[in-house]
Structure formats: structure tokens, C-alpha cells
Amino acid sequence: MSGAAPTGQSGAAPSGQVVVIGSANVDYHLRVDRSPAPGQTVLAEDFRKSPGGKGANQAVAAARLGGHVAFVAAVGDDDDGAMLLHALRSEGVQTAEVEVVANRATGLAVVAVDRSGENSILVVP
């Protein structure tokens, strides 16, 4: 018997079981020419909405690497929460332990990125 790791039928190493406990929120990406100074208003040049959150991102990354991933988190009972659950499930992440909290909004992050690539992030958990 060699010292090689066991492999599945495809020749790849078997996938591991992964549990991720963390945040799930919707990221609102804004592209701005420059960050506003205190009390100043700056117009955004572009807007994009995407699934996010440190925990959700880790769960998706582990699933894409072949892990069997269960995610533990909470989302609100709103359209953003439904979008997050759909995105996680479409990536193969198990969401049975994601609690949908009634009468609460899903967390969000507003990410403003200026022309030099510097970002400012505001998070509402």
C-alpha cells in the first residue's frame, strides 16, 4: 500500500465535510470617482448588487473546491434573503441551518470603490 491519499473513482481526492458559521449579506457595490469627505455628497458612476458576507463567501469557495458544505447563518425574510439562499443553493451549499428571521431585513454592505481602487465599506448586520 502506498502513502498516497485515497482517491475516488475520478482519481481526485475525496471531498471533505465543511461547516461554515458566518455572515450572509447582500453587497451593494458603488463605483465613485472619489470617496466623499465628511458632510459631502458624491455621485456614484455605477451600481451592482451581489450576494456576499464573509461566511457566505467562504462557504461558496469551499463548495467550489469540492467540499460538502453546510452553512450556518441568518437572513431576513425579504427579497435579499431569498436571493442569498438561492445563490448559496445554486453553488451547492446546504442551507438547512440558515435561519430566516421574520420581520427583519437581511444584512447589507455598501462598498464604495474609487478610481484608485481604494474602498470604503459600511455594513448593516
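Trainee: What covers the buried residues of α2?
Mentor: Please keep in mind that this is a predicted model. The cover over the buried residues of α2 includes the strands β2 (25-32), β3 (44-52), β4 and β5, together with helix α1.

Trainee: Which residues of α2 are buried?
Mentor: They are Asp80, Gly81, Leu84, Leu85, Ala87 and Leu88. Viewed down the axis of α2, the buried residues fall within an arc of 165°, so they line one face of the helix.

Trainee: And which ones are exposed on the other side of α2?
Mentor: On that side, Asp79, His86, Arg89 and Ser90 are exposed. "Exposed" here refers to a relative accessible area over 50%, while "buried" refers to one under 20%.

Trainee: What span should the twelve residues of α2 have?
Mentor: At 1.5 Å a residue, α2 should span 16 Å. Its end C-alpha atoms are 16 Å apart, which agrees with that expectation.

Trainee: What happens just after α2?
Mentor: Gly92 follows there, and this glycine takes a positive phi of about 90°.

Trainee: Over how many bridges do β4 and β5 pair?
Mentor: Strand β4, residues 68-76, pairs with β5 over four bridges in the parallel sense. As an example, Val75 has Val100 in β5 as its bridge partner.

Trainee: How many helices and strands does the chain have?
Mentor: There are two helices and seven strands. Along the sequence, they follow the pattern β-β-β-α-β-α-β-β-β.

Trainee: What share of the whole chain counts as buried?
Mentor: The figure is 30% of the 125 residues. The accessible surface of the chain comes to about 8,300 Å², and 54% of this surface belongs to carbon and sulfur atoms.

Trainee: Last one: what share of the contacts joins residues at least 24 apart?
Mentor: Among contacts between residues at least 6 apart in sequence, the share is 64%.

Note on methods. Residues numbered from 1 in each chain as written. Predicted model: local features only at pLDDT ≥ 70, side-chain atom pairs only at ≥ 80, totals over all residues. Heavy atoms only, no water. Pairing = 2+ DSSP bridges. Buried < 20%, exposed > 50% of the residue type's maximum accessible area, 1.4 Å probe, protein only. Contact = heavy atoms within 4.5 Å. Areas by Shrake-Rupley, 256 points an atom, 1.4 Å probe, with all protein chains shown as cover. Expected span 1.5 Å × (residues − 1). Arc of directions from axis to C-beta.
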